[in-house]
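These are my notebook entries on one structure.

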Amino acid sequence: MLLLVLPTADNLNEAVLLPVGNRVLAAVLHVMLAVGIGLVTEVLFRRGAGSAAGASGGLLVGLLWWMLGPLTLTPLLDGRGPTWSMADAANTFPNLVTALFVGGVAGALTTALGPRIGKLPWAQRRASGRGAEPNRIVVLGGGFGGVATAKRLEQLMLADADLTVSLVSPSNSLLFTPMLAEVAGSALQPHHISAPIRAMCPRTRFYRDEVADIDLDRQVVHLRGSPDPLPYDHLVIALGSVPNYRDLPGLAEHSFSLKSLPDAVALRNHVVAMLERADVEADAEERRRQLTFVVAGGGFAGTETIAELFDLVHNARRYYPHIDPAELRFVLVHSGDRILPEIGPELADFALQRLRRRGIEFILGARVGAATAEAVDLTDDRRLPTRTFVWTAGNQPHPVLASLAVARNRAGALMVDETLRSTTRPDVWAVGDCAQIPDPLTGGNHPPTAQHALREGKALAENIGAVIAGRPPKPFRFTAIGILVALGHRTAVAEIRGLRFSGLAAWMLWRGVYLSKLPGLEKKLRVVIDWTIDLLFPRDIVLAAEPDGQRQRTPASAEPDTGGRR
């Protein structure tokens with residue numbers, strides 16, 4: 001039974017730190033308590049988070065007040081000393097009720113009225129009296145690097161009211177790209193691996209739009225969906241990368257990419273559609289094409305994709321009685337002499353042998369030369385008849401960077417110094433896939449991984465704050481914690497701080513690490529439910545959309561900022 005006790009006049013008189021006989025003084029002290037709780041709630045739980053979040057924060061602060069005051073300091077000042085006994089808790093229960101009531105109301109009012117107070121004339125006069133225009137920071141890209149930058153800038157905004165942050169992204173959510181292959185394999189629901197940017201960055205002005213042009217001289221960004229330019233004082237470029245088809249004939253038109261949720265959903269639907277057609281296909285040659293799945297690229301994305309497609313097809317085959325397992329063919333084409341060049345040769349060889357034993361073919365030391373709707377042609381004159389071709393063998397920085405008059409490397413990425421600032425434009429900063437970031441510890445460059453992008457975004461935001469405050473920015477320093485690669489069928493390889501893991505242990509480590517990194521408790525619970533269902537039931541083969549018979553790929557202008565694969 002839930003017992004709700006509202007504060008009475010006697011309770012209000014008893015809830016102060018020391019016994020007070022004057023009820024007026026008690027009321028004044030409770031007003032001060034409410035103001036204090038409101039201020040603490042504003043700092044800890046952020047204005048704009050909603051009245052419900054503010055009320056929850058106020059309840060927490062009220063609980064802490066009760067534990068610190070009536071339960072600890074009052075007995076201490078009385079000479080009894082805090083005993084934290086059940087008797088003391090029972091005696092001070094009215095104080096707890098009052099503290100929770102005051103805290104909840106104060107927290108809710110603070111978050112509800114806080115933004116409106118800033119619009120009052122006296123507040124605006126106070127802000128204008130500082131004599132300085134707000135520092136306008138525009139972040140381009142809503143992936144790991146861009147969102148990490150905005151989140152850290154929001155924390156700096158609490159201490160600096162003269163700071164405004166805007167974020168531009170064609171997607172309104174942060175995509176957790178390490179789990180994208182599992183969406184393509186129908187092991188996870190698409191919306192379970194993405195988190196709304198507006199919820200993650202409530203104090204940031206969000207624009208769901210695409211970047212059309214950047215005018216560095218006028219310091220404005222032009223958006224495709226808005227006639228008004230977006231001005232900035234500091235520009236953060238975190239636009240990520242797009243597939244690089246290297247001008248090979250037919251690749252852009254006849255291949256799937258795996259950079260966004262629409263890409264993963266389109267690939268999954270296409271694979272299911274191929275099974276549907278092959279189950280009733282009478283022509284043997286066409287049937288072979290429909291049941292052959294080719295992936296180009298032996299890095300993280302390609303290896304995980306071929307493994308997930310293998311699991312999806314073999315898991316769903318029970319529903320297609322006319323498909324013989326011997327007819328299924330899975331091929332990975334890689335230009336190197338071994339797959340997974342990002343990890344050590346021992347783990348890479350383990351992954352290769354494990355996938356080969358499961359029935360996946362590997363064509364190493366070969367390159368794709370062209371693609372049609374019916375086949376993939378290799379440069380050594382071999383042809384792979386297929387209706388499903390996934391391209392993960394090359395990326396390039398977002399094409400909007402090509403028009404910028406800033407220092408770029410041969411691949412087109414922005415060249416920045418150790419502080420993540422452009423080497424030629426002091427008002428331009430960059431993180432993630434679209435930046436070449438020097439690593440003084442290795443003498444090379446930081447890799448385009450998610451763990452790097454998250455920390456780059458935080459460091460970049462702090463450096464912008466330092467520059468605005470007149471302090472020198474700090475160099476970015478980070479060493480990768482480890483690398484994990486899922487191989488499907490409850491197996492994986494992992495290398496953490498020099499320690500190597502493989503098999504089931506690595507698979508459990510993979511899931512544990514990435515589940516902990518997934519933003520938001522709700523998303524974690526949804527992914528755990530999906531994984532549990534995947535253990536107990538066959539994978540879902542419902543077509544979410546009817547394939548149109550054409551390869552699907554995300555337009556270059558709509559690519560999300562992934563901030564790296566890992």
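**Entry 1. Terms and model**

I call a residue buried when its relative accessible area is under 20%, exposed when that area is over 50%, and partly exposed in between (1.4 Å probe, protein chains only). The model is predicted, so I kept local features only at pLDDT of at least 70 and side-chain atom pairs only at pLDDT 80 or more, while totals for chains, interfaces and linings use all residues. I number residues from 1 along each chain as its sequence is written, and side-chain values use heavy atoms, with hydrogens and water left out.

**Entry 2. Gly503**

I began with Gly503, which counts as buried because its relative accessibility is 8%. Gly503 lies in strand E26, residues 499-503. Helices (H or I, at least four residues) and strands (E, at least two) are DSSP runs numbered from the N terminus. For contacts I used heavy atoms within 4.5 Å. With neighbours within four places in sequence set aside, Gly503 is in contact with Phe350, Arg490, Thr491 and Ala492. I also looked up the C-alpha to C-alpha distance from Gly503 to Ala486: 9.5 Å, for 17 residues of separation in sequence.

**Entry 3. The whole chain**

I then took the totals. The protein chain has 17 helices and 26 strands. Of its 566 residues, 50% are buried. Among contacts between residues at least 6 apart in sequence, 68% join residues at least 24 apart. The chain exposes about 26,200 Å², and carbon and sulfur atoms supply 58% of that area. Accessible areas come from the Shrake-Rupley method with a 1.4 Å probe; for residues, only the protein chains shown count as cover.

**Entry 4. His234**

Is His234 buried or exposed? His234 is buried, because its relative accessibility is 9%. I found His234 in strand E9, residues 234-237. Not counting residues up to four places away in sequence, His234 touches Arg136, Ile137, Val138, Asp427, Trp429, Ile464, Val467 and Ile468.

**Entry 5. Helix H17**

I checked the length of H17 next. H17 has 16 residues and reaches 23 Å from its first C-alpha to its last, close to the expected 22 Å at 1.5 Å a residue. The expected span is 1.5 Å times one less than the number of residues.

Which residues of H17 are buried? They are Lys523, Val527, Asp530, Trp531 and Asp534. These residues lie on the same side of H17, because they cover an arc of only 95° around the axis. The arc is that of the directions from the helix axis to the C-beta atoms. An α-helix has 3.6 residues a turn, so residues three or four places apart point the same way. The cover over the buried residues of H17 includes helix H8 (180-184), strand E4 (194-196) and helix H16 (504-517). On the face turned away from the buried side I noted the exposed residues Leu521 and Leu536.

**Entry 6. A nonpolar patch**

Ile533 is found in H17, residues 521-536, and counts as partly exposed at 41% relative accessibility. Ile529, Ile533, Leu535, Leu536 and Phe537 make a nonpolar surface patch of about 510 Å². Patches are made of residues with over 30% relative accessible area and no salt bridge; like charges are joined within 9 Å, and nonpolar side chains (Val, Leu, Ile, Met, Phe, Trp, Tyr) within 5 Å.

**Entry 7. Salt bridges**

I counted a salt bridge where a side-chain nitrogen of Lys or Arg is within 4 Å of a carboxyl oxygen of Asp or Glu. By this rule the count is 20 salt bridges.

I looked at Arg387 with Glu286, where the closest N and O atoms are 2.9 Å apart. Arg387 lies in the loop between strand E16 (383-385) and strand E17 (388-391) and Glu286 in helix H12 (residues 284-290), so the pair ties together parts 101 residues apart in sequence. Glu286 is buried, with a relative accessible area of 12%.

Arg539 and Glu308 meet in a salt bridge at 3.0 Å, N to O. This pair links distant parts of the chain, 231 residues apart: Arg539 is in the segment after H17 and Glu308 in helix H13, residues 300-316. Arg539 is buried at 9% relative accessibility, and Glu308 is buried at 7%.
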